Amino acid sequence: MMDRKLFWGIRVKEIIVLLLFYFFFALSYYLTLRLSQADFIRPGENFFDLSEFFDDGGLQYLLFLLSTIPIWWFIFVKIKKKPIQWRLLTHIITLPLFVYINQQLYYYLADLFGHGHLGGSGKIWDVYIPALLYFIQFGFFHAYEYFRENQRKLRIEGELRQAALKSELAALKAQLNPHFLYNVFNTINASVPAQNEKTRQMIAKLSDLFRYQLQASGQELVSLREELNFVKKYLDLEKERFEDRLKISIDVEKELLDEKIPPMLLQPLVENSVKHGLSSLIEGGSISIRVFKEGERLKFEISDTGVGIKDKKSAFEKGIGLTNTRARLQKMYQSQLELSDNIPNGLKIQFAI
């Protein structure tokens with residue numbers, strides 16, 4: 001409940017902390033005034049009076065809170081992606097606006113309700129106090145934003161370490177006498193009667209898949225051509241299962257085939273489309289792979305006509321394929337793995353490197 005997000009990514013507990021922050025400062029201001037006037041408090045008069053609290057601090061700090069909201073929204077939502085130095089410079093404009101608007105509005109409302117306010121040279125306190133509060137609260141806001149961003153990076157690094165550990169374990173398992181594995185494939189292939197050529201070809205393709213996976217585990221980058229050949233062989237095997245129910249489209253310009261990409265980047269995404277998108281459909285469907293250049297970045301689109309995913313966020317919790325790929329993209333290219341609805345139906349996966 002406390003961690004539930006309401007709007008602009010704000011959590012319930014963060015709103016409660018902000019309200020307590022303002023109540024603390026309003027109460028402190030009120031108590032300071034009451035203590036300074038202790039000699040003038042009549043016998044039997046309550047030390048804390050709600051109407052006096054509203055007069056001597058509550059109204060002014062309520063105005064501080066309300067005028068903080070649009071400034072916070074502008075700096076932490078509207079221009080959030082701007083460089084931090086530009087966002088900090090924004091305070092040069094918003095600080096005097098905050099002080100002036102609060103002072104004038106407070107004086108107007110105090111006169112309207114018949115409350116007292118400082119006059120003469122004492123008005124300087126209605127400049128100093130709002131300015132001091134502004135520095136304190138926005139200092140906390142920026143520090144909290146830095147803390148949350150640092151926590152997010154630590155969480156991503158933790159996920160990457162887990163993904164790297166799983167990849168290393170998978171690589172170690174694959175390296176347990178791979179020649180034995182190839183010999184087994186060759187033995188099986190040789191034992192298949194010549195008339196079952198289709199089966200022999202499937203075994204050969206499966207052997208090629210294992211061979212590429214093992215070789216790729218020792219390389220940081222491979223050519224797009226190699227990765228697509230691997231994906232095609234995987235899809236050929238799936239096509240044997242789906243037969244005419246699986247249609248495949250690959251759209252890549254020839255001049256992009258020598259581009260370097262991380263190995264085993266596309267296959268988990270294609271497998272996700274087959275396993276979670278099409279496998280449950282009796283009529284099958286189609287998978288489309290599109291790679292193109294946009295500026296200096298290489299963009300990828302993997303789309304299917306399957307059942308789709310309603311809750312896109314939960315898709316990263318169901319298996320390691322999407323999760324590991326997202327973590328690799330964030331770590332290597334600071335790129336995001338985007339999931340969206342395919343038209344007219346199915347799922348579209350997009351990313352750029």
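**Helix contact and aromatic rings**

Modeller: In α8, Glu227, Phe230, Val231, Tyr234, Leu235, Glu238, Arg241 and Phe242 meet Gln267, Val270, Glu271, Val274 and Leu278 of α9; contact means heavy atoms within 4.5 Å. This is a predicted model, where local features need pLDDT of at least 70, side-chain atom pairs count only at pLDDT 80 or more, and totals for chains, interfaces and linings use all residues. Residues are numbered from 1 along each chain as its sequence is written, and side-chain values use heavy atoms, leaving out hydrogens and water.

Biologist: OK, rings now. How many aromatic pairs are there?
Modeller: The count is 18 aromatic pairs. Rings of Phe, Tyr and Trp (its six-membered ring) pair if their centres lie within 6.5 Å; planes under 30 degrees apart are stacked, over 60 edge-to-face, the rest tilted. Phenylalanine 21 and tyrosine 22 pair edge-to-face, at 5.5 Å centre to centre with 80 degrees between the planes.

Biologist: Are phenylalanine 21 and tyrosine 22 buried or exposed?
Modeller: Both phenylalanine 21 and tyrosine 22 are buried (under 20% relative accessible area; exposed is over 50%, partly exposed in between; 1.4 Å probe, protein chains only).

Biologist: And which residues form the aromatic cluster?
Modeller: Tyr29, Tyr61, Phe64, Trp72, Phe76, Phe98, Tyr134, Phe135, Phe138 and Phe141 form one cluster.

Biologist: Why does tyrosine 106 count as buried?
Modeller: Because its relative accessibility is 6%.

How values were computed:
Helices (H or I, at least four residues) and strands (E, at least two) are DSSP runs, numbered from the N terminus.
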